[in-house]
Amino acid sequence: MTAPSATTDLPRPGYWPWFGAFAYLFLIGAQVMGLVTSVPDRDMGHLQKIMYVHVPAAWIMSLTFAVVLWYSFLYLWKQRENDDLKAAAAAEVGSAFCGLTLVLGMIWGRPAWGVWWTWDARLTSTLVLFLIFVGYLALRAFVEDPHRRAQWSAAVGIMGAINVPIVYMSVRWWRTLHQVQSSPATVDPWYVINLRANAFAFLFVMIYFIRQRYVASRFERAAELAAQAVALGRN
Amino acid sequence: MAWKDDWRRVRAIVWKDLTTEGRSKAGFNSVAALGVTILVLFGFALGPDTQALRDAASGALWLAVLFAGVLAFNRSYQVELESGALEPLLLYPGARWTIFAGKLLANTIFVGLMLVIVVLVGIVLFQVNIPDAWPKLVAVLALGSIGLVSLGTFYAAMASRSRAREVLLPLLLFPMLVPVLLAAMSASKALLSGDMMHEAGAWMNMLVAYDVIFVVAPLLAFEHVIEV
């Protein structure tokens, strides 16, 4: 592991607050556009508009967990503490998006399918993915030593990521109901535009959230190290 | 011969773990008793209707093994942690994966013996008709417990050394075990009901594939987990 970072090279805000403001404004703009511009669906009416947020949430969730996997491997390879903190930040944001995907899907599923929940392959594997990352975050909360926490959560993150396609496959064998994806060619162009606008809005928010959580954890680590230094009389 | 030395290390760990367990027997007895107790509780939950009991038998049996097995996995490290023996064990020369392989074998024997008791009690309590294809059922039990024990042994290496190990191990392990349990439950359920749809074979193939993945991945990752 690299030497603990001194307080001097803590991340600086730079242009990040501007990026944050842009991300939020883009998100609000995408919502307004989705509600105003697109015509109600022939079968589902306004209910269809949940898809503008449900589908991008699922996309961004997958992307975020790919970020966790990437930084977990990078940590095991280079043993840099910052990579572990980035993986943890991404895992928190990914779990939030995962929860959002599940809840939005349920709100849509109740009127569309008539049930809040069904044991379909996608729903079940998304729920299992959520539980795996709840376990990941619990592990981080219960282990104090930073090196041990980093090493273990990298292992748990990678094992969890390996498991996701396996869970999906086995539950699909068990039963399936979720509709297959629509292709952009079969739907109204406004739907595609709104879906993509929301996907970018969620992407910007995701990047901003990960950055904020990462900065916060860097400050937490710096505070811990400062407290240690004081306790050891090396201030 | 390097692999002969590795095999000797694996055997030494198996021998050590089983001897410690065999001298007290308290661990095995209590875990097996817990497995039987869980089966009895499932019996109460499902009611006295014979057909309902038979339909739920395979699920109840696997969950009983799972809940009792979780206690066994943490135990397998606890003895070493309490006596401060884990660090010396890691200082011995040789590859670290042999420690995992040894513990995996010892735990498989432990859970296998528990499985014999739980299955026999389950057959009686849930009034299961033993199918003609019972050797296949034995194979499903063996394959299912290998996947269960491999992941359990791996996650217990972390959970047993953290705070709140009692809650952390199930929280990490159970979601990971979904594919193994689903395949094992579906295969045993199909076999118990006569395998009319010929689906048990497919589930067993999947179980073999999962076992390979879930034994190889922890073998590779164990080194990173145990060294800190």
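How many salt bridges does the structure hold over all chains? The count comes to 13. Keep in mind that this is a predicted model. Here are my notes, point by point.

1. **Chain A overall.** Chain A is built from six helices and zero strands, so to speak an α-α-α-α-α-α pattern when you read along the sequence. Its C-alpha atoms fill a box of roughly 70 × 45 × 25 Å along the principal axes. Of the 235 residues in chain A, 46% count as buried. If you take the contacts in chain A between residues at least 6 apart in sequence, 81% of them join residues at least 24 apart.

2. **A salt bridge inside chain A.** Have a look at Asp84(A) and Arg140(A), whose side chains meet in a salt bridge at 2.9 Å, N to O. Asp84(A) belongs to helix α3 (residues 81–113) of chain A and Arg140(A) to helix α4 (residues 121–142) of chain A, so this pair ties together parts that are 56 residues apart in sequence. Are the two partners buried or exposed? Both Asp84(A) and Arg140(A) are buried.

3. **A pair within one helix of chain B.** Arg9(B) and Asp6(B) form a salt bridge, and their closest N and O atoms are 2.8 Å apart. Both residues lie in helix α1 (residues 2–24) of chain B, three residues apart, which is about one turn of the helix. Arg9(B) has a relative accessible area of 27% and is partly exposed. Asp6(B), at 16% relative accessibility, counts as buried because the cut-off for buried is under 20%.

4. **A pair between helices of chain B.** Lys103(B) forms a salt bridge with Asp17(B), with 3.1 Å between the closest N and O atoms. Here Lys103(B) sits in helix α5 (residues 97–125) of chain B and Asp17(B) in helix α1 of chain B, so the pair ties together parts that are 86 residues apart in sequence. Lys103(B) and Asp17(B) are both buried. They also belong to a network of salt bridges that links Lys16(B), Asp17(B), Glu80(B) and Lys103(B).

5. **The nonpolar cores.** Which residues touch the most other members of the largest nonpolar core? That core has 118 residues, and the answer is Met114(B), Phe154(B) and Tyr155(B). Leaving out residues up to four places away in sequence, Met114(B) touches Phe28(B), Val31(B), Ala32(B), Val65(B), Ala68(B) and Gly69(B). There is a second, separate core of five residues, including Tyr75(A), Leu76(A), Ala150(A) and Ile158(A).

6. **How the chains meet.** On to the interface. In contact with each other are 31 residues of chain B and 29 residues of chain A. The size of an interface is often given as the accessible area lost when the parts come together. For chain B and chain A, about 2600 Å² is buried between them, with 78% of it on carbon and sulfur atoms.

7. **Polar links across the interface.** What does the rule find in the way of salt bridges across the interface of chain B and chain A? It finds one salt bridge. For polar contacts, the tally across this interface is eight residue pairs, with both residues at pLDDT 80 or more.

8. The elements that give two or more residues to the side of chain B touching chain A are α6 (134–159), α7 (165–176), α8 (178–192) and α9 (200–226) of chain B. With 10 residues, α9(B) gives the most to that side. By class, the side of chain B that touches chain A has 25 nonpolar, three polar and three charged residues.

9. **Arg163(B) and Glu144(A).** I'd click on this pair in the viewer. The side chains of Arg163(B) and Glu144(A) meet in a salt bridge at 2.8 Å, N to O, and a polar contact of 2.8 Å joins these side chains as well. Where is Arg163(B) placed? Arg163(B) is in the loop between α6 and α7 of chain B. At 42% relative accessibility, Arg163(B) counts as partly exposed. Setting aside neighbours within four places in sequence, Arg163(B) is in contact with Ala141(A), Phe142(A) and Glu144(A).

Key:
Residues numbered from 1 in each chain as written. Chains lettered and ligands numbered in written order. Heavy atoms only, no water. Contact = heavy atoms within 4.5 Å. Buried area = accessible area lost by both parts, 1.4 Å probe. Salt bridge = Lys/Arg side-chain N within 4 Å of Asp/Glu carboxyl O. Polar contact = N/O pair within 3.5 Å; in protein donor to acceptor, adjacent residues only side chain to side chain. Helix = DSSP H or I, 4+ residues; strand = E, 2+ residues; numbered from the N terminus. Nonpolar A, V, L, I, M, F, W, Y, C, P; charged D, E, K, R; others polar. Core = buried A, V, L, I, M, F, W, Y, C linked by side-chain atoms within 4.5 Å. Buried < 20%, exposed > 50% of the residue type's maximum accessible area, 1.4 Å probe, protein only.
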